[in-house]
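Welcome, and please open your viewer.

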Amino acid sequence: MPQAVLQKLIEETIKANPKCAEFDWLGGEPTLAGVDFFDEVVSIQSHYRLPNQVVTNKLQTNGTMLNERWVKFLIANDFHLGISIDGPPELHDIYRRDNGDNPTALKVLNSIKLLQELGHKRWGTITVITDQNVDYPEVIYNFFRSVGITKMAFNPTKGTNESGKQIAIAPSPTAYGNFMCRIFDRWCNEDNPEIVIRQFHSIMQGFLGGKYRLCTFSGQCQQFFSVNYNGDAYPCEDDHLDERWCFGNVSQGWKPIIESEAYLRYIERIGDIRNGCTSCKWYDACQGGCTRYYSIFDAHGNHKNYYCEAEKQLFSHIKQRLELFQDSLVNKAGVN
């Protein structure tokens with residue numbers, strides 16, 4: 001991203017979010033931009049930061065290029081860090097190979113070890129669930145715990161392409177649902193409050209009367225933007241190469257972007273694709289889920305989330321476990 005675009009992006013985002021401005025740095029692979037690029041990011045943010053304003057940075061990386069300089073920079077500037085790792089080497093290396101078709105797991109594990117040794121506290125892992133690792137939830141969880149990982153997230157790969165055809169590496173909804181339920185049980189059985197699994201914390205907090213913290217279950221997709229290197233703004237993550245959903249450029253500022261015809265059409269689209277969801281018993285829990293998974297249709301011609309049945313399976317499983325736990329507390333109280 002050219003310096004002029006970077007500066008305008010930061011200036012306009014800080015101005016538009018006077019309480020808290022959040023920047024999530026993704027790619028491609030964002031560490032390819034180099035430490036000096038992100039040092040410039042921090043400098044520009046400091047220049048435009050408002051009094052008492054919170055400015056946060058999150059960086060998602062494949063973990064193959066981190067070194068001591070990188071980690072010390074991330075710690076010094078309070079960057080939250082996500083490391084992509086898809087399980088132990090025999091699972092991770094199936095799809096995550098470098099440009100020369102070499103395995104990358106050991107590089108990622110060395111980066112995790114470096115984060116631990118240098119004392120970075122704000123990091124966790126994101127695991128992409130595919131057809132190859134979906135049958136091994138306990139293996140993945142146990143391996144992560146053996147190398148000291150305490151913050152995790154498990155996201156499925158996109159299920160279908162724009163024509164509704166299943167993507168080859170995508171797990172089936174049933175397989176993904178089973179994976180998440182088994183991970184939940186393994187996590188519960190460990191009963192360690194230091195282990196945070198992002199989806200489970202959000203779902204349980206919602207079931208217990210709080211807010212669903214994860215964007216996937218908030219139904220607020222219009223609040224999140226992807227900004228390309230040239231400053232063009234698109235919806236979060238998946239439509240950033242579809243010119244129909246280019247909302248404008250950050251050089252204009254954010255107000256014209258959120259007033260643009262394309263942005264208003266996108267908000268309508270979010271509502272339209274969830275028309276078939278509103279009568280579901282789990283709608284309050286998921287709000288239809290992430291829009292990137294909508295490329296198939298149900299029997300009534302409504303758009304449908306590819307992982308809809310998996311999410312229903314997980315919600316039901318967690319609800320049952322919570323009810324059993326609450327019943328046991330009531331019984332113990334009665335005995336006492």
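## Stop one: two helices side by side

Begin by selecting V35, D36, F38, D39 and V42 in α2, which meet R69, W70 and F73 in α3. By class, this contact between α2 and α3 has five nonpolar residues, three charged ones and no polar ones. Keep in mind as you look that this is a predicted model.

At what angle do α2 and α3 pack? The angle is about 10°, and the axes of the two helices lie 11 Å apart. Angles under 35 degrees count as roughly parallel, and α2 and α3 are therefore roughly parallel to each other.

What kind of peptide bond joins G27 and G28? The bond is cis, with omega at about 5°.

## Stop three: two positive phi angles

Go now to the loop between α2 and β2 (54–61) and select N52. N52 is not a glycine, yet its phi is positive, about 65°. Is N52 buried or exposed? Its relative accessibility is 81%, so N52 counts as exposed.

Then move on to the loop between α4 (89–95) and α5 (105–118), where you will find D101. D101 is a residue other than glycine with a positive phi, near 65°. With a relative accessibility of 51%, D101 counts as exposed; the cut-off for that word is over 50%.

For the last stop, select residues 261–273, which form helix α10. At 1.5 Å a residue, the 13 residues of α10 should span 18 Å, and this agrees with its end C-alpha atoms, which are 18 Å apart.

Which residues of α10 are buried? Colour A262, Y263, Y266, I270 and I273 to see them. Turn the view until you look down the axis of α10: its buried residues fall within an arc of 100°, so they line one face of the helix. An α-helix has 3.6 residues a turn, so residues three or four places apart point the same way.

Note on methods
Residues numbered from 1 in each chain as written. Predicted model: local features only at pLDDT ≥ 70, side-chain atom pairs only at ≥ 80, totals over all residues. Heavy atoms only, no water. Helix = DSSP H or I, 4+ residues; strand = E, 2+ residues; numbered from the N terminus. Expected span 1.5 Å × (residues − 1). Buried < 20%, exposed > 50% of the residue type's maximum accessible area, 1.4 Å probe, protein only. Arc of directions from axis to C-beta. Axes fitted to C-alpha atoms, helices over the stretch in contact; angles between N-to-C directions. Parallel < 35°, antiparallel > 145°, perpendicular 65-115°, else oblique. Contact = heavy atoms within 4.5 Å. Nonpolar A, V, L, I, M, F, W, Y, C, P; charged D, E, K, R; others polar.
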